[in-house]
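Please look over the sequence and the structure shown here before reading on. The report is written for someone meeting this structure for the first time.

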Amino acid sequence: MSKEKEILLRAEGVYKEFPTAKKDQKVHAVNGVNLAIYQGETLALVGESGCGKSTLGRTLIHMLPVTDGVITFHDQEISSMDEKTFRPLRPKMQMIFQDPYASLDPRMTVRDIIAEPLETYHVCKSREETTERVLQLMKAVGVPAEFQNRYPHQFSGGQRQRIGIARAIALQPELIVCDEPVSALDVSVQSQVLNLLKDLQKEYGLTYLFIGHDLSVINFIADRICVMFLGNICEIASKEELYAKPLHPYTEFLMDAIPKADPHLRGEHRKMLTGEIPSPVNVPSGCCFRTRCPYATELCAKQKPELKKVGGRYVACHHAEAVTA
């Protein structure tokens, strides 16, 4: 993104840990993350399942408390706020969930589901005004107004996700965390929902943190991409830079795993991750990726690489400059 872009949310040294059954052990879900999300952009967060993407997304918007570190929103520090203090800021940060059925109350009609945040924050003066606003939101996401009294089970997966999106934009947020919002949908429906998200972003000036693992989807939706492995940021770059030349070894493996359309290229020169799969309970010393990295050296075992600027991007690898050269 250009330097003129305003930073909407910034994370500095953010950690998130969870206790285990053993008192002396913890799950290190997020390990010292530093990143910035710019106003109006789509920052994609990618990585394998269990790498901490969803945990980081929830932590950034105060759905989970931080273990350590600082999170600022519009230069206002939010990470130390209790829920009561944070409540006035909640409308500015919303979430679209992965499972559109599990995220909707099956006992509520579509009208009531979308109206709930409006009523909670007393946005409208009357029930009639609330209903009118609900119908506007349904129209914005492509759900017919005559369906307002139906229940979630009466809709398809794509329609349910549209309802979830309507609920997310009801309070006119600035930042929306999209937690794999199309992974549970058919491929034909995915493109419709992705186009809807892009249209809404343009219309309402939204900023997205888009969590996913399908790099074809990420290529379509993202402006910048942040690659995570075992709770750590490996690389942050523009979409164009990352797809043209990944600098971190883990990013290289992710890119190489993208299915090739050309049948002559399928299966050729595909790199496979080998070595020990590390545990978030017992994180390796030094670089967390070194047990699976073919380029690892003694330095990688001794010292954790910092996320530093290499060219126009940020990379956490001791050998990134050598790759660039």
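What follows describes a group of helices and then turns to a few loop residues.

The model is predicted, and the description begins with helix α5, which covers residues 157-169. Helix α5 is mostly covered, with 11 of its 13 residues buried; among them are Gly-158, Arg-160, Ile-163, Ala-166, Arg-167 and Ile-169. The elements that cover these buried residues include the strands β6 (93-96) and β7 (175-179), together with the helices α3 (110-120), α4 (127-141) and α6 (187-204).

One of these covering helices, α3, has buried residues of its own, namely Val-110, Arg-111, Ile-113, Ile-114, Ala-115, Pro-117 and Leu-118, and what covers them includes α4 and α5. Two packed helices are described by the angle between their axes and the distance between the axes.

| Helix pair | Angle between axes | Distance between axes |
|---|---|---|
| α3 and α5 | roughly 25° | within 7 Å |
| α3 and α4 | about 115° | 9 Å |

The axes of α3 and α5 come within 7 Å and cross at roughly 25°, which makes α3 roughly parallel to α5. Their crossing is right-handed, and the contact is made by Val-110, Ile-113, Ile-114 and Pro-117 on the side of α3 and by Ile-163, Ala-166 and Arg-167 on the side of α5. By class, this contact of α3 with α5 has six nonpolar residues, no polar residues and one charged residue.

The residues of the contact of α3 with α4 divide into seven nonpolar, two polar and five charged.

Backbone angles are the next topic. Most residues other than glycine have a negative phi. Just after α3, however, His-122 takes a positive phi of about 50°. His-62, which is not a glycine, has a positive phi of about 70°; His-62 is placed in the loop between α1 (53-60) and β4 (68-73), and it counts as buried because its relative accessibility is 14%, under the cut-off of 20%. Leu-230 also has a positive phi, near 50°, and is found in the loop between β9 (224-229) and β10 (232-238), where Leu-230 is buried with a relative accessible area of 8%.

Is Leu-307 buried or partly exposed? With a relative accessible area of 26%, Leu-307 is partly exposed. Leaving aside neighbours within four places in sequence, Leu-307 is in contact with Asn-34, Ile-233, Cys-234, Ile-236, Tyr-314, Val-315 and Ala-316. The C-alpha atoms of Leu-307 and Leu-35 are separated by 9.7 Å, although these residues are 272 residues apart along the chain.

Key. Residues numbered from 1 in each chain as written. Predicted model: local features only at pLDDT ≥ 70, side-chain atom pairs only at ≥ 80, totals over all residues. Heavy atoms only, no water. Helix = DSSP H or I, 4+ residues; strand = E, 2+ residues; numbered from the N terminus. Expected span 1.5 Å × (residues − 1). Buried < 20%, exposed > 50% of the residue type's maximum accessible area, 1.4 Å probe, protein only. Contact = heavy atoms within 4.5 Å. Axes fitted to C-alpha atoms, helices over the stretch in contact; angles between N-to-C directions. Parallel < 35°, antiparallel > 145°, perpendicular 65-115°, else oblique. Left-handed = near helix turned anticlockwise from the far one by under 90°. Nonpolar A, V, L, I, M, F, W, Y, C, P; charged D, E, K, R; others polar.
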